[in-house]
Amino acid sequence: MKKKLTWIAAGALIAVAIAIFSVWLPAPLKKLGLFSCLLGGVIGFALWKLREKFDLKNHTSDKWVAFVSGGLAEAVRISESYRIHLAEQQRRLTEEIEKLPGMFPTLKSELTERVKQNFTDFLSLRYSALSNSLEQHTGSWVLLTMFAFELLLACGAAFLVYRYLFQQANQTISDESSQK
């Protein structure tokens, strides 16, 4: 049991590390949906290799750990992108405020609050490649549904890759035992 918990913890750390690394990849590589599938697939493969390193027995429940880890990685990737977006927005705002001479503190705080974006604004910007007026014609629920769909793509890809590798390993074991 201790090995399994260590495997799950190591898998979660690897998923987070891969997700944070993926934020810094060039934008043309990160097509909506496709990159979620790729990220999930990489997480499923990494968990499988990590499972081999820990020399764990094959359990069917491990596929669900891969499923959750894929979603975790995608959520971390998008939240890290949001954090970077907010930091860049704050940096630009600070530059603009410094250009204006003698700005009153109340005006400065009002301007800061007016420019600040929430998560659905970020998602609207993120999915703007699909439609420029996505948030205007729909609600934030559509944006959150698209976000959930990306999470499910990553979860599903991690699950399917892990399941495929699991089946291949079981087939190899059964082939070896039948040849004896």
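Let's start with the inside: of the 180 residues in the protein chain, 37% are buried, meaning under 20% relative accessible area with a 1.4 Å probe, counting protein chains only. Keep in mind that this is a predicted model, where local features need pLDDT of at least 70, side-chain atom pairs count only at pLDDT 80 or more, and totals for chains, interfaces and linings use all residues. Residues are numbered from 1 along each chain as its sequence is written, and side-chain values use heavy atoms, with hydrogens and water left out.

What is the chain built from? It has seven helices and zero strands, so read α-α-α-α-α-α-α from the N terminus on; helices are DSSP runs of H or I with at least four residues, strands are E runs with at least two, and numbering starts at the N terminus. Among contacts (heavy atoms within 4.5 Å) with a separation of 6 or more, 76% join residues 24 or more positions apart.

Now look at helix α5 (residues 119–126) and helix α7 (residues 140–179): their axes, lines fitted to C-alpha atoms over the stretch in contact, come within 9 Å and cross at roughly 70 degrees. That makes α5 roughly perpendicular to α7, a label for angles of 65 to 115 degrees. On the α5 side, F119, T120, L123, S124 and R126 make the contact, while α7 brings S140, L143, L144, F147 and E150. These residues divide into five nonpolar, three polar and two charged.

Methods: Axes are lines fitted to C-alpha atoms, for helices over the stretch in contact, and angles run from 0 to 180 degrees between N-to-C directions. Angles under 35 degrees count as roughly parallel, over 145 as roughly antiparallel, 65 to 115 as roughly perpendicular and the rest as oblique. Ala, Val, Leu, Ile, Met, Phe, Trp, Tyr, Cys and Pro count as nonpolar, Asp, Glu, Lys and Arg as charged, and the others, Gly among them, as polar. Buried means under 20% relative accessible area, exposed over 50%, partly exposed in between (1.4 Å probe, protein chains only).
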